[in-house]
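Reader: I have a new structure open and I'd like to talk it through. Can we take it step by step?

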Amino acid sequence: MPNESLEEKVERLELYVTLLRQIAVDPEEYRLWDWVIANELNVDQYNSIKNVLKLCVRAHLAAGEDPSVKIPTLEELVDDLVPILSPNPRIAHTKGVIELLRNAVKMTPYLSLQKYL
């Protein structure tokens with residue numbers, strides 16, 4: 001990242017070390033973490049993506065119990081995720097979000113997001 005301070009770079013690299021440890025245990029399940037590293041996302045982006053995905057999964061679970069609960073559409077999910085990915089023009093668009101989701105659904109907590117693919 002071009003305008004990244006040394007502190008931000010260290011923080012990002014520490015995140016990558018943590019993610020790599022999980023990838024080493026099960027590379028297929030943790031493909032999303034590999035995608036995060038490959039696209040040079042930072043800690044804030046990583047946390048924001050996890051929060052958006054978690055809210056979406058919670059909505060799916062709640063809708064299973066109460067059909068009146070609104071589940072975000074793919075367009076709404078794209079609208080939430082593109083700003084998070086926006087510093088990187090290679091992934092800050094609908095196809096980038098689909099790529100993110102394809103990797104996320106390999107992880108057990110995000111299986112319910114398969115409905116978007």
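Reader: Let's start with Lys106. Is it buried, partly exposed or exposed?
Author: Lys106 is partly exposed, because its relative accessibility is 36%. Keep in mind that this is a predicted model.

Reader: Which residue does Lys106 form a salt bridge with?
Author: Its partner is Glu28. The closest N and O atoms of the pair are 3.8 Å apart.

Reader: And where do Lys106 and Glu28 lie?
Author: Lys106 sits in the segment after α5, which covers 94-104. Glu28 is in the loop between α1 and α2.

Reader: Which other residue meets Glu28 in a salt bridge?
Author: Arg31 does. The side chains of Glu28 and Arg31 meet at 3.0 Å, N to O.

Reader: How accessible are Glu28 and Arg31?
Author: Glu28 has 44% relative accessibility, so it counts as partly exposed. Arg31 is partly exposed too, with a relative accessible area of 28%.

Reader: Why would such side chains pair up at all?
Author: Side chains of opposite charge can pair when their charged atoms come close.

Reader: How many salt bridges does the structure hold?
Author: It holds 4. One of them joins the side chains of Glu4 and Arg12, at 2.8 Å from N to O.

Reader: Are Glu4 and Arg12 buried or exposed?
Author: Glu4 is buried, because its relative accessibility is 18% and the cut-off for buried is under 20%. Arg12 is buried as well, with a relative accessible area of 7%.

Reader: What is the distance between Arg12 and Tyr46?
Author: Their C-alpha atoms are separated by 9.7 Å. Along the chain, Tyr46 and Arg12 are 34 residues apart.

Reader: Where does Tyr46 lie, and is it buried or exposed?
Author: Tyr46 lies in helix α3. It counts as buried, at 10% relative accessibility.

Reader: Let's zoom out. What is the secondary structure of the chain?
Author: The chain has 5 helices and 0 strands. From the N terminus on, the elements run α-α-α-α-α.

Reader: How compact is that?
Author: The chain is as compact as a globular protein of its length, because its radius of gyration is 15 Å, close to the 13 Å that the globule rule gives for 117 residues.

Reader: What box do the C-alpha atoms fill?
Author: Roughly 50 × 30 × 20 Å, taken along the principal axes.

Reader: What share of the residues is buried?
Author: Buried residues make up 37% of the 117 in the chain. Trp33 is buried, with a relative accessible area of 5%. Its place is in helix α2.

Reader: What separates Trp33 from Ala63?
Author: There are 28 Å between their C-alpha atoms. Trp33 and Ala63 are 30 residues apart along the chain.

Reader: And Leu20 and Arg58?
Author: Leu20 and Arg58 are 38 residues apart in sequence and 26 Å apart in space, C-alpha to C-alpha. Leu20 lies in helix α1. It is partly exposed, with a relative accessible area of 45%.

Reader: Which helix gives the largest share of the patch?
Author: Helix α1, residues 6-25, gives 4 residues. Asp44 is found in helix α3, residues 43-65.

Reader: Is Asp44 buried or exposed?
Author: Asp44 is exposed, with a relative accessible area of 56%.

Reader: Last one. What is the phi of Glu40?
Author: Glu40 has a positive phi of about 55°, although it is not a glycine.

Reader: What do most residues have?
Author: Most residues other than glycine have a negative phi.

Reader: Where does Glu40 lie?
Author: Glu40 is in the loop between α2, residues 31-38, and α3. At 41% relative accessibility, it counts as partly exposed.

Technical notes:
Residues are numbered from 1 along each chain as its sequence is written. This is a predicted model: local features need pLDDT of at least 70, side-chain atom pairs count only at pLDDT 80 or more; totals for chains, interfaces and linings use all residues. Side-chain values use heavy atoms; hydrogens and water are left out. Helices (H or I, at least four residues) and strands (E, at least two) are DSSP runs, numbered from the N terminus. Buried means under 20% relative accessible area, exposed over 50%, partly exposed in between (1.4 Å probe, protein chains only). The radius of gyration is taken over C-alpha atoms; the globule rule is 2.2 Å times the number of residues to the power 0.38.
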